[in-house]
Amino acid sequence: MPKRGCPFADAAPLQLKVRVGPKELSRGVCGERYSREIFDLSGAVSIACSSCVRAVDGKAACSQCERALCGQCVRTCWGCGTIACALCGLLDCSDMYEKVLCTSCAMFEA
């Protein structure tokens with residue numbers, strides 16, 4: 001049995017992958033808020049958080065991958081006290097309380 005043809009023919013829109021960065025976010029639904037957080041008054045781009053794309057408010061960086069982090073995305077390792085980002089920090093829910101472990105401490109816990 002042959003394959004069925006596309007019912008939309010040439011009228012179907014192309015479905016391409018689109019890169020969404022700070023520039024595209026500043027043009028979206030919450031564009032005004034994002035543009036205030038990401039771009040300063042001179043129009044130059046400030047450093048953005050690697051997890052949530054907000055403007056970095058301090059000098060916090062992940063101890064594992066050295067990516068910049070804002071104050072809301074900083075996670076402190078329960079074992080050694082270093083700073084970990086959302087990608088490098090492992091959330092351990094085995095106890096009554098949740099605890100964050102960096103990749104170094106997670107190897108020793110397992």
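Between which helix and which strand does the loop that holds Glu66 lie?

1. Glu66 sits in the loop between helix H2 (31-38) and strand S1 (75-76), where helices (H or I, at least four residues) and strands (E, at least two) are DSSP runs numbered from the N terminus. This is a predicted model, in which local features need pLDDT of at least 70 and side-chain atom pairs count only at pLDDT 80 or more, while totals for chains, interfaces and linings use all residues. Residues are numbered from 1 along each chain as its sequence is written, and side-chain values use heavy atoms, with hydrogens and water left out.

2. Although Glu66 is not a glycine, its phi is positive, at about 60°. Most residues other than glycine have a negative phi. Glu66 counts as exposed because its relative accessibility is 66% (exposed means over 50% relative accessible area, buried under 20%, partly exposed in between, with a 1.4 Å probe and protein chains only).

3. The structure holds one salt bridge, defined as a side-chain nitrogen of Lys or Arg within 4 Å of a carboxyl oxygen of Asp or Glu. Asp92 and Lys99 form a salt bridge, with their closest N and O atoms 4.0 Å apart. Asp92 counts as buried at 17% relative accessibility, and Lys99 counts as buried at 11%.

4. Searching the whole structure gives zero disulfides, a disulfide being a pair of cysteine sulfur atoms within 2.5 Å. Cys70 is in no disulfide, and the nearest cysteine sulfur, that of Cys52, lies 3.6 Å away; Cys70 counts as buried, at 4% relative accessibility. Cys88 is likewise in no disulfide, the nearest cysteine sulfur being that of Cys85, 3.7 Å away, and Cys88 is buried with a relative accessible area of 15%.
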